[in-house]
Amino acid sequence: MSAGDQDTVRCVLMRGGTSKGLYFHESALPEPGPARDRLLIRLMGSPDVLQIDGLGGSRPITSKVAIVAPSTRDDADVDYTFAQVAIDTEEIGYSGNCGNISSGVGPFAIDEGLVPAVEGTTDVRIHNTNTGKILVARVPVERGRAKVDGDFALPGVPGTGAEIVMDWSGTVGAKTGKLLPTGNPVDVIEMADGQRVEATVCDAGNPAVWARAGDFGLTGSELSQDINENAALVERILELRGKAAVLTGLCTDWRTVDQDSPGIPLAGLVAPPADYVTLNGQDVVGSDMDLRCRLLFMNRLHESIAGTGSICLAAASRVPGSVVASVLETRQPGTLLIGHPSGITPVRVEAEPAAQAPFVRFGLLGFSRTARRLMDATAYYPRSLFAER
C-alpha cells in the first residue's frame, strides 16, 4: 500500500517481557538481505540516538524486531527470527536470540492465527532461526485470544499480567554447540592493563561471559548512571566481551566484536547478595536473592535482566567451580533468584550432576514472562528508501 511519497508495511507493536519491539509476518517483508535490513533500520529510525524519526525507543531494549512465519519444521509451530537494530549506527544483528521478545512470539502467533488457540493454555513450539533451537511458550488463552490480565508480576514492568511460561531447556549450546564453549568452568582473561580476570563463558539461550563485579571495581549494586556514564568501565567490559568472543570463535579480534558479533556474547558482572535500591527507588533485600547481576547489552547496562541472559546465568550457576557458583547463595532449590537493577527475577533451573564434562545436565531451564499487544500498526517509510543507489 502506498500513501503519497511513502509506502507502508503492517506490523504489531508488542511488549515482550521487559523489552518492546515490532513483530512482523515474514511474508510482509522483503526477502532476507540488504533490502529487508534497510527497511527495518529505517522503520526504527536509526541511525539516531533518539530514533526520533522512527518507531524505536532510543534504547537497545526498545529497538528490537521479531519476524514470524509458519514453521518449516515438523517439531515446531512457527519459525521466529530475532533482529537487534542498532541505535546510533546503521547496523542490524541476527547473531543471537532475545528471551524477552521471544515471550511475545507465542501470543502473536495465536492472535494472528498462525497457531490454533486452545482454550486455557496453548503450547507454541518456536523454532528460533538465529540459533536453530526450539523453545516452548505456554500461553494462557481466553476466548480464542492470548490472555493479558493476570496476577504475575515481572520486575521492570508495571502492574501484573498473564503468566507465560517459557521452557528453554532445548537451547543449551545455542550458538556454539556446547554449554562451556572453551571446555573450562573458568578461564583467565588477561586484560590490556595486565589484570587477569577470572571469567566463565557459558552458552545457554545465548552465549555470555560472567565475571565478578569486584574485579571491575564495582559492588554489584550499580545503576545505569554508574555504568553508562563511565566510559573507561564500559570499554573494559567491552574488552572482556571481545576476548570471550575470540575464545568462542565468534570473532578473531576482540576490538571488532561490536562489528563481527554485535550483542553476543552478553557480558555480566555478578556479586553475592546484598541490599540495594532499584532504578525505581525501591529497596530490595539481600536475603530475598541468590546473587546480584549487572548485565551489559550493546555497551549499556540492561535495565533488568535479558531473558536469554537469565537462562545462561542460571545454567552457569549450576556448573561446578564457575565464577557464578562462587558468589551464589541458594535460597530455593530448583530456582535462581537474580537481583538486577529493577528488582528480583526468578528463573527455574533443575539440574543434576553428570559424570562427564561439564558435569551437569538440566531437566528444566525456564522463566515466566508477560506480554501485551500494544498496537496493530501500519508503519510508513519513505518510498525513496528503495530508490536506486
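A word on terms before we start: Ala, Val, Leu, Ile, Met, Phe, Trp, Tyr, Cys and Pro count as nonpolar, Asp, Glu, Lys and Arg as charged, and the others, Gly among them, as polar. Please also keep in mind that this is a predicted model.

**Stop 1: the two domains**

Colour residues 6-170 together with 371-386 as domain 1, and residues 187-357 as domain 2. Taken over C-alpha atoms, the centres of domain 1 and domain 2 are 25 Å apart. Domain 1 brings 19 residues to the contact, and domain 2 brings 22. About 1500 Å² of area is buried between the two domains, with carbon and sulfur atoms giving 61% of that area.

**Stop 2: salt bridges**

How many salt bridges are found across the interface of domain 1 and domain 2? The rule finds one there, while a search of the whole structure finds 24.

Now show the side chains of Arg-59 and Glu-303. These two form a salt bridge, and their closest N and O atoms are 2.9 Å apart.

Next, select Arg-10 and Glu-112, whose side chains meet in a salt bridge at 3.0 Å, N to O. Arg-10 sits in strand 2 (residues 6-16), and Glu-112 is in the loop between helix 3 (105-111) and strand 7 (120-128).

**Stop 3: the largest cavity**

A search of the whole structure finds four cavities of 30 Å³ or more. The largest cavity has a volume of about 150 Å³. To centre your view on the largest cavity, select Phe-82, Gln-84, Asn-97, Asn-206 and Phe-297, the closest to its centre of the 21 residues that line it.

What is the make-up of the lining of the largest cavity, by nonpolar, polar and charged residues? It has eight nonpolar, twelve polar and one charged. Strand 5, helix 2 (99-102) and helix 7 (307-317) each supply at least two residues of this lining. Check your domain colours here too: domain 1 and domain 2 each give at least three residues to the lining of the largest cavity.

**Stop 4: the largest pocket**

Select Ala-86, Ile-87, Asp-88, Met-298 and Asn-299, which lie nearest the centre of the largest pocket among its 23 lining residues. Strand 5 (78-85), strand 6 (92-93), helix 5 (231-247) and helix 6 (257-260) are the elements that give two or more residues to this lining. The largest pocket holds about 560 Å³ of space. Colour its lining by residue type and you will find nine nonpolar, eight polar and six charged residues.

Why does the largest pocket lie between the domains? Both domain 1 and domain 2 give residues to its lining, so the pocket lies between them.

**Stop 5: the second largest pocket**

About 320 Å³ of space lies in the second largest pocket. Of its 16 lining residues, pick Thr-18, Ile-61, Gly-156, Val-157 and Pro-158, the closest to its centre. The lining of the second largest pocket divides into five nonpolar, seven polar and four charged residues. Domain 1 and domain 2 both contribute to this lining, so the second largest pocket lies between them.

Definitions and conventions. Residues are numbered from 1 along each chain as its sequence is written. This is a predicted model: local features need pLDDT of at least 70, side-chain atom pairs count only at pLDDT 80 or more; totals for chains, interfaces and linings use all residues. Side-chain values use heavy atoms; hydrogens and water are left out. On a 1 Å grid over the protein atoms alone, a cavity is a set of points where a 1.4 Å probe fits but cannot get out, and a pocket is an open set with protein on both sides within 12 Å along at least five of seven lines; lining residues have an atom within 4 Å of a point. Grid points are joined across faces, edges and corners, and a volume is the space filled by probe spheres set on the points. Helices (H or I, at least four residues) and strands (E, at least two) are DSSP runs, numbered from the N terminus. Domain bounds come from an automatic or database domain assignment. Contact means heavy atoms within 4.5 Å. Buried area is the accessible area (1.4 Å probe) that two parts lose on being put together, summed over both. A salt bridge is a side-chain nitrogen of Lys or Arg within 4 Å of a carboxyl oxygen of Asp or Glu.
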